[in-house]
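Reader: I would like to go through this model by question and answer. Please define each term when it comes up.

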Amino acid sequence: TNTAGQVEWTIDGTKDIIIAKAVSGSKTEGQQMAPLSFKHLLTQLQFEVIGSEAAKATFGKIVSIKVKDALTKPKMTFSDNEVTTLDWTNLSVRNQNDDQEIANIDMPVTADAQNVGYLMLQPAESYTLLVATDNVTEKEVTITMTGAATIGNAHKITLTFSATGIEPTATITGWGTGTTSGSGTFD
């Protein structure tokens, strides 16, 4: 939806928000139009799983990974042909129904790291995951970044399954050249 100078929508974790400053040129006056320079406004969490044979027996196949209580309704304000703010502060829309999910994974835990998917969402300093497997309905796992996840950067989240729990770690990769990484413990 949009109102004067502002756009609001619901993100679902599968689509990025990219923007570019407006450019102009004139064919009749022989002016070249400058290239559009797009940038990401979301951060990407890339998930991989790894584990032992004992973990495979304990957990079975990975069914889904959700980011719990994700903010999904940002407002973007425009001024002078560029985005001036991307507002994530609308906490009233943060609720259980806003979990962002990689569903229907159906992948066993293996000794080699396996990519299970990604989600694009708001940058944060930590994320709470709900991990479901064949043998565990949902297990809460907290991912704490060493600094806030940053827009335009991908952060690899590795979930290491053992016979007793899930140990998360996070590193930065992909999209841009950020400086944050993260790790978490599972008790």
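Reader: Which residues make the nonpolar surface patch of about 300 Å²?

Author: This is a predicted model, where local features need pLDDT of at least 70, side-chain atom pairs count only at pLDDT 80 or more, and totals for chains, interfaces and linings use all residues. Residues are numbered from 1 along each chain as its sequence is written, and side-chain values use heavy atoms, with hydrogens and water left out. A patch takes residues with over 30% relative accessible area and no salt bridge, joining like charges within 9 Å and nonpolar side chains (Val, Leu, Ile, Met, Phe, Trp, Tyr) within 5 Å. A salt bridge is a side-chain nitrogen of Lys or Arg within 4 Å of a carboxyl oxygen of Asp or Glu, and areas come from the Shrake-Rupley method with a 1.4 Å probe, only the protein chains shown counting as cover for residues. The patch of about 300 Å² is made by Ile18, Leu36 and Phe38.

Reader: Where is Phe38 found?

Author: Helices (H or I, at least four residues) and strands (E, at least two) are DSSP runs, numbered from the N terminus. Phe38 is in the loop between strand E3 (18-19) and strand E4 (39-40).

Reader: How many aromatic pairs does a search of the whole structure find?

Author: Rings of Phe, Tyr and Trp (its six-membered ring) pair if their centres lie within 6.5 Å. On that rule, the aromatic pairs found in the whole structure number 1.

Reader: Why is the pair of Phe59 and Phe161 given its class, and what is that class?

Author: Planes under 30 degrees apart count as stacked, over 60 as edge-to-face and the rest as tilted. The ring centres of Phe59 and Phe161 are 5.0 Å apart with planes at 80°, so the pair is edge-to-face.

Reader: How many residues apart in sequence are the parts that this pair ties together?

Author: Phe59 belongs to helix H1 (residues 53-59), while Phe161 belongs to strand E14 (residues 154-161). The pair therefore ties together parts whose separation in sequence is 102 residues.

Reader: Is Phe161 buried or exposed?

Author: Buried means under 20% relative accessible area, exposed over 50%, and partly exposed in between (1.4 Å probe, protein chains only). In E14, 6 of the 8 residues are buried, so the strand is largely enclosed by the rest of the structure. Phe161 has a relative accessible area of 2%, so it is buried.
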